[in-house]
Amino acid sequence: MKTLLTGGTGYIGSHVAAALVAAGHDVVCFDNLANSDAGVIDRLEAITGTAIPLIVGDIRDGDALRRVMADQDVEAVIHFAGLKAVGESV
């Protein structure tokens, strides 16, 4: 199953990405990199031995999300995107 992980380069998202790949799933990470780093993908690929696409974008951009889901043939979405502090999220 191809799964889109919003917030895929964050702490929880990256751990779930590794677990999904280990379970035989395809993963696409979608992140705006506000609280993470694109280098996470390099480490995930080294750990899993699998190419993991990173799409840099913001979940508030509905057109971008629809485009990614269509272009990547996404079958499921797991939402982990968010800001670390309550004040940032308001």
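Which residues gather in a patch of negative charge on the surface? Select Asp26, Asp71, Asp73 and Glu75, which make up that patch. The model is predicted, so local features need pLDDT of at least 70 and side-chain atom pairs count only at pLDDT 80 or more, while totals for chains, interfaces and linings use all residues. Residues are numbered from 1 along each chain as its sequence is written, and side-chain values use heavy atoms, with hydrogens and water left out.

**The negative patch**

Patch members have over 30% relative accessible area and no salt bridge; like charges are joined within 9 Å, and nonpolar side chains (Val, Leu, Ile, Met, Phe, Trp, Tyr) within 5 Å. Asp and Glu count as negative and Lys and Arg as positive, with His and the chain ends not counted. The place of a charge is NZ of Lys, CZ of Arg, CG of Asp or CD of Glu. Accessible areas come from the Shrake-Rupley method with a 1.4 Å probe, and for residues only the protein chains shown count as cover.

Begin with Asp26, in strand 2 (residues 26–31). Strands (E, at least two residues) and helices (H or I, at least four) are DSSP runs numbered from the N terminus. Asp26 counts as partly exposed because its relative accessibility is 44%; buried means under 20% relative accessible area, exposed over 50%, and partly exposed in between.

Asp73 is exposed, with a relative accessible area of 58%, and its phi is positive, near 55°, although the residue is not a glycine.

**Positive phi elsewhere**

Most residues other than glycine have a negative phi. Select Leu33, a residue other than glycine with a positive phi of about 65°. Leu33 is placed in the loop between strand 2 and helix 2 and is partly exposed at 25% relative accessible area.

**Helix 2 and its packing**

Now display helix 2 (residues 39–48), which contains Ile41. Gly39, Val40, Ile41 and Leu44 are buried in this helix. The buried residues of helix 2 pack against helix 1 (11–22), strand 2 and strand 3 (54–56).

Is Ile41 buried or exposed? Ile41 is buried, its relative accessible area being 6%. Leaving aside residues up to four places away in sequence, Ile41 touches Thr9, Cys29, Ile52 and Leu54, where contact means heavy atoms within 4.5 Å. A C-alpha to C-alpha distance of 12 Å separates Ile41 from Val56, and the two are 15 residues apart in sequence.

**Salt bridges**

How many salt bridges does the structure hold? There are 2, each defined as a side-chain nitrogen of Lys or Arg within 4 Å of a carboxyl oxygen of Asp or Glu. In one, Arg60 pairs with Asp58, and the closest N and O atoms are 2.7 Å apart. Arg60 counts as exposed at 74% relative accessibility.

The side chains of Asp63 and Arg66 also form a salt bridge, at 2.8 Å from N to O. About one helical turn separates Asp63 and Arg66, because they are 3 residues apart in helix 3 (residues 62–71). Arg66 is exposed, at 53% relative accessible area.

**The nonpolar patch**

Finally, select Tyr11, Ile12 and Phe80, a nonpolar surface patch with about 350 Å² of accessible area together. Phe80 is found in the loop between strand 4 (76–79) and helix 4 (86–89) and is partly exposed, with a relative accessible area of 30%.

Terms used:
Buried < 20%, exposed > 50% of the residue type's maximum accessible area, 1.4 Å probe, protein only.
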